[in-house]
Amino acid sequence: MFKKGYLSILSLVMGFTFFSTNIFAATDIVDNDALSSAPGYSEQKGNWTYKTGSGYYNDYRIVSATVNGFDTDYAYIWRFYAHDKNAAHYVYLNNKDFTNPRTAYQIDEFGGIVYINQNTAPGGWNFLKTHKEWNHMIVINTSLTTKLGNVGADATKITY
Amino acid sequence: MVLAVSLVVYNGTDIAGNQDNVARASANIQKVKVQNTSEQKTKLQTLMLNSIDHYKTAKGSFEYFSESGKFHIIVDYQTDLSDSPKSYEKVRGLATENNNGITTAAEPGYEVSVYDGENLINYNSGSSDYQTNSVTKSNIPTKVVVKVGKVSEKERNYLKNASIHERITTVDGEKAYIHRIDPSYMGIAKTSLFPEDIAMGFLADDTLWDITGQENIAGVKTVVIEGKLNSEYSKRYNAKTFKLNIEPNTGIMIQMEVFDSSGTIKESIKTKNIEINKSLDTKLFKSF
């Protein structure tokens, strides 16, 4: 699969989004290293290694949680241009090198934290939480993430 | 709603039965034949997907070994899933097994993660051996507090009692796994206490696994599940098969073992002790 880095489409949601009865929904995908045409952008703090050959759009970022300064100097941030949506937040996890057993994902600015075990999470889109706020983002909060294994950053999306 | 308490063995014994929840390390393992019907498998899987609805408190410890993650830790935990949820977990590295396969003492440094009902608090003790320690990365203690508030009842009850068909869905033609919100923020302990990852991952294809017996693990009567890993997990862990031990009243995963083709354990969670629905040490939610 070639890296496209974005998707913003009006789509038919075959499953269901949290607290929503709408059958039509928009989906915004922001990958790691998102392209300028993406419906958002990604940022990193610290030295995340860029890798290709697997991951959503065939690439991902990764860092060892045991690296010096991980909890103070590292973060990965996906920001979405969409505003003020009741948005379901997802993270894509499907990589054997993502092994951290307690990765803390911050939802928007005030949407709280969701812990995910990247080592056991099913391969695919993992739902985090639905939250409505003016600005939408997903952040790997390293200060709450346990210092074990590797933490991966691949694609994220919101549906609304 | 209580699920899956009717996993009946062929001789008519109800394996849920009364149990002594105060667990101790036990080698009392006995396999018996159990029903392995589609209905029983669905009940057990649904219980695992919704374990947080089937107990109020849990306290104990487990060892967690991951060859892929290059860690071997012990997790001490307690979780309160009442109307005012809270959680505590303490994570320490375990020294490498010696030549006799016996694990030596836990490393001195540790990490504690607490949800006090309002805040997530992460405390790292630091340790003088931080350069080799599994969870400390400095000799200086650190503490982080993040206010998150309380999960609403609406969020907490979303997908309550939902089966696998509602938890694995398709969004824009791609598979999506719908996790329930954990109101107590369990952290690593969730892997055992709320094993939805395993229920949605290992057990997604019910043709790949069977209910094969019952065993006493750490003093808890458990139902045994054995199966083959799907291709994604097989690649992830460089392994072929798995064995799970599930507490049949709650869906708590007491033990997980993942094996390669030679029978070597590649990943495991092994409960050392557990108390379910017993009183907790409330001080641990406030200080550490």
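A:Asn58 is partly exposed in this predicted model, because 14 other C-beta atoms lie within 10 Å of its own, where a residue counts as buried with 20 or more other C-beta atoms within 10 Å, as exposed with 12 or fewer and as partly exposed in between, the C-beta atoms being placed from the backbone. Although A:Asn58 is not a glycine, its phi is positive, at about 65 degrees, and its place is in the loop between S4 and S5 of chain A. Most residues other than glycine have a negative phi. A second residue with a positive phi that is not a glycine is B:Tyr185, for which phi is near 50 degrees; B:Tyr185 sits in the loop between S8 and helix H4 (190-193) of chain B and counts as buried, since it has 29 C-beta neighbours inside 10 Å. The model is a predicted one, in which local features need pLDDT of at least 70 and side-chain atom pairs count only at pLDDT 80 or more, while totals for chains, interfaces and linings use all residues. Residues are numbered from 1 along each chain as its sequence is written, and chains are lettered from A and ligands numbered from 1 in the order in which they are written.

S4(A) is joined to strand S5 (residues 59-64) of chain A by four bridges, and A:Thr52 stands opposite A:Asp59 in S5(A).

Chain B contains six helices and 13 strands, and 46% of its 288 residues are buried. Of the contacts in chain B with a separation of 6 or more, 58% are between residues 24 or more positions apart, a contact being a pair of residues whose C-beta atoms, placed from the backbone, lie within 7 Å. Helix H1 (residues 38-49) of chain B has 12 residues, which at 1.5 Å a residue should span 16 Å, and the end C-alpha atoms are 16 Å apart, in agreement; the expected span is 1.5 Å times one less than the number of residues. The buried residues of H1(B), among them B:Lys43, B:Leu44 and B:Met48, pack against elements of chain B that include helix H3 (164-167), helix H5 (196-201), strand S11 (241-246) and strand S12 (253-259).

S11(B) pairs in the antiparallel sense over six bridges with S10(B), where B:Ile225 stands opposite B:Leu244, and over six antiparallel bridges with S12(B), where B:Asn245 stands opposite B:Gln255. S11(B) and S12(B) form a hairpin with six residues between them, and B:Gly251 in the turn has a positive phi of about 85 degrees.

The largest nonpolar core has 108 residues, and those touching the most other members include A:Tyr105, B:Met48, B:Ile246 and B:Ile254; such a core is a set of buried Ala, Val, Leu, Ile, Met, Phe, Trp, Tyr and Cys residues joined through C-beta atoms within 7 Å. Strand S6 (residues 75-93) of chain A gives the largest share of this core, nine residues. Beyond its neighbours within four places in sequence, A:Tyr105 is in contact with residues including A:Val91, A:Leu128 and A:Ile140.

Between the chains, the contact takes 38 residues from chain A and 43 residues from chain B. The side of chain B that touches chain A has 19 nonpolar, 13 polar and 11 charged residues, where Ala, Val, Leu, Ile, Met, Phe, Trp, Tyr, Cys and Pro count as nonpolar, Asp, Glu, Lys and Arg as charged, and the others, Gly among them, as polar. Strand S9 (residues 124-141) of chain A pairs in the parallel sense with strand S8 (residues 174-177) of chain B over two bridges, with A:Trp125 partnered by B:Ala176 and A:Asn126 opposite B:Tyr177. Within chain B, B:Tyr177 is also the bridge partner of B:Ile168, and four bridges join strand S7 (residues 168-171) to S8(B) in an antiparallel arrangement.

Methods
Two residues are in contact if their C-beta atoms, placed from the backbone, lie within 7 Å. Two strands pair if DSSP finds at least two bridges between them.
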